[in-house]
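Look at the sequence and the fold, then read the points below.

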Amino acid sequence: MSYGDGANSRSKTAIIAILVVLLVGSLAFGAWAYTQMQDYKTKSDKKSVAAVAAAKKTQTKQLLSQFTEQSKSPYKLFKGSATYGSVSFSYPKIWSAYIDTSNSSEPINAYFYPNEVPGTLSKTAYALRVELLNSDYSQVLQQLNSQITTGVLTAKAYVPPKLNGIPNVTAGTYLSGQVNPSDPTQNGNMLVIKVRDKTLKVYTESQEFQSDFNNTVLASLTFAP
């Protein structure tokens, strides 16, 4: 064998070795790329599943919220005696009412709650409480003064929308915070307002019902001053 033949043989061997290395590298790269693709696909599938689940959950909450709001109307109407100022307001039809008439010092003492009204000893945070007291307005506010001073309650002047501009209607006080002095868990909103020689207290004992309280009850509240 000549020198040229040996050189050619070594050259072919080198080329084959390079091709083998390139082939192995290509196979390795292909395997790595495939693994990466599968990993991406798996993660992408998981993200897609999570996104679909989140979207369904959001949609369910939205539909439930819409259903709940729709189930509240048409509203019920509470109308008190003309003797005590014809206190009147609307409230969701899914709420039930219990009117306690056993105390002559409270011409109106009402409890409202969705479906069934829990007993007065149950320590339930009621959706709505309405009290017409045989007490002077300033006297009732004085009883709340310490809570206002310490910041347990915040206070601002307030006139119900339907009574705004009505003669002899004076601004009441809208309170937010711990509306029940004996129960720190009952944080809600309260309106205290003068009705003739009496004082009307309208309040919710839970923030859960704040929207109904503001947008339905207070928005529709009227009385004869």
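K123 counts as exposed, because its relative accessibility is 71% (exposed means over 50% relative accessible area, buried under 20%, partly exposed in between, with a 1.4 Å probe and protein chains only). The model is predicted: local features need pLDDT of at least 70, side-chain atom pairs count only at pLDDT 80 or more, and totals for chains, interfaces and linings use all residues. Residues are numbered from 1 along each chain as its sequence is written, and side-chain values use heavy atoms, with hydrogens and water left out.

**Two loop residues**

- K123 is placed in the loop between β4 and β5.
- K123 is not a glycine, yet its phi is positive, at about 60 degrees.
- N115 also has a positive phi, near 65 degrees, and is a residue other than glycine.
- N115 lies in the loop between β4 and β5.
- With 58% relative accessibility, N115 counts as exposed.

**The chain as a whole**

- The protein chain has 3 helices and 9 strands. These are DSSP runs, numbered from the N terminus: helices are H or I with at least four residues, strands are E with at least two.
- Along the sequence, the pattern reads α-β-β-β-β-β-α-β-β-β-β-α.
- The chain has 225 residues, and 33% of them count as buried.
- Take the contacts between residues at least 6 apart in sequence: 48% of them join residues at least 24 apart. Contact means heavy atoms within 4.5 Å.

**The sheet**

- Seven strands build an open sheet, listed as 7 strands in the order β3-β4-β5-β9-β8-β7-β6, with antiparallel pairing. Two strands pair if DSSP finds at least two bridges between them.
- β3 (95–99) and β6 (153–158) stand at the edges. Each has a single partner strand, so one side of each has no neighbour in the sheet.
- From one strand to the next, the twist averages 15 degrees. Axes are lines fitted to C-alpha atoms, for helices over the stretch in contact, and angles run from 0 to 180 degrees between N-to-C directions.
- β3 and β4 form an antiparallel pair over 5 bridges. W95 has P114 in β4 as its bridge partner.
- β6 and β7 pair in the antiparallel sense over 6 bridges. Here A155 has L175 in β7 as its bridge partner.
- β7 and β8 are also antiparallel, over 6 bridges. L175 stands opposite M190 in β8.
- β7 is mostly covered, with 6 of its 7 residues buried.

**Helices**

- Helix α2 (residues 137–149) lies across β5, β6, β7 (172–178), β8 (187–195) and β9 (198–204). Helix α2 runs at about 155 degrees to β8.
- Helix α3 (residues 210–220) holds A219. A219 is partly exposed, with a relative accessible area of 29%.
- Which residues does A219 contact, leaving aside its neighbours within four places in sequence? They are P161, K162 and N214.
- A219 and P161 are 58 residues apart along the chain, while their C-alpha atoms are separated by 5.9 Å.

**Aromatic rings**

- How many aromatic pairs does the structure hold? There are 11 aromatic pairs. Rings of Phe, Tyr and Trp (its six-membered ring) pair if their centres lie within 6.5 Å; planes under 30 degrees apart count as stacked, over 60 as edge-to-face and the rest as tilted.
- F89 and Y91 form a tilted pair, at 6.3 Å centre to centre and 55 degrees between the planes. Both F89 and Y91 are buried.
- Y111 and Y126 form an edge-to-face pair, at 5.0 Å centre to centre and 65 degrees between the planes.
- Y111 lies in strand β4 (residues 108–114) and Y126 in the loop between β4 and β5 (128–133), so the pair ties together parts that are 15 residues apart in sequence.
- Y111 is buried at 9% relative accessibility. Y126 is buried too, with a relative accessible area of 4%.
- Ring pairs also link F78, F89, Y91 and F112 into a cluster.

**Charges over rings**

- R129 places its charged end over the ring of Y111, 3.8 Å from the centre of that ring. A charge sits over a ring if NZ of Lys or CZ of Arg is within 6 Å of the ring centre and within 35 degrees of the ring normal.
- K156 has its charged end over the ring of Y174, 5.2 Å from the ring centre.
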